[in-house]
Amino acid sequence: MSQTLAAVEGSLGSIGYGLAAIGPGVGVGIIFGNGTQALARQPEAAGLIRANQILGFAFCEALALIGLVMPFVYGY
């Protein structure tokens, strides 16, 4: 006799996206944490530091968006 204790329904892509969002979240935290430290140490370099922060943030968020889109592309 076969009994089903729990059924998993829905898309496993949502679980995959949740796991994929961890990396960019940690990356953004590191970028802005280190940027704040750099601004505290060298306030005269604020323009260059801020530009590099924005570039790093854009790359991290691009990874998050790719993780969001892939479950829809592959349709799992």
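Modeller: Contact means heavy atoms within 4.5 Å. By that rule, Gln-53 touches Ile-31, Phe-32, Gly-35 and Thr-36, leaving aside residues up to four places away in sequence. This is a predicted model, in which local features need pLDDT of at least 70, side-chain atom pairs count only at pLDDT 80 or more, and totals for chains, interfaces and linings use all residues. Residues are numbered from 1 along each chain as its sequence is written, and side-chain values use heavy atoms, without hydrogens and water.

Colleague: What makes Gln-53 count as buried?

Modeller: Its relative accessibility is 9%, and buried means under 20% (exposed is over 50%, partly exposed in between, with a 1.4 Å probe and protein chains only). Therefore Gln-53 counts as buried. Gln-53 lies in helix α3, residues 46–74, where Ala-46, Ile-49 and Gly-56 are also among the buried residues.

Colleague: Why is α2 called roughly antiparallel to α3?

Modeller: The two helices pack at an angle of about 175°, with axes 9 Å apart. Angles over 145 degrees count as roughly antiparallel (under 35 roughly parallel, 65 to 115 roughly perpendicular, the rest oblique), so α2 is roughly antiparallel to α3. Residues meeting there include Ile-31 and Phe-32 in α2 and Gln-53 and Phe-57 in α3.

Colleague: How do you know that the length of α3 agrees with its 29 residues?

Modeller: At 1.5 Å a residue, α3 should span 42 Å, and its end C-alpha atoms are 42 Å apart, so the two agree.

Colleague: Where is confidence highest in the chain, and where lowest?

Modeller: On pLDDT, the predictor's confidence in each residue from 0 to 100, helix α2 (residues 22–41) is highest at a mean of 91, and helix α1 (residues 13–20) lowest at 75.

How values were computed:
Helices (H or I, at least four residues) and strands (E, at least two) are DSSP runs, numbered from the N terminus. Axes are lines fitted to C-alpha atoms, for helices over the stretch in contact, and angles run from 0 to 180 degrees between N-to-C directions. The expected span of a helix is 1.5 Å times one less than its number of residues.
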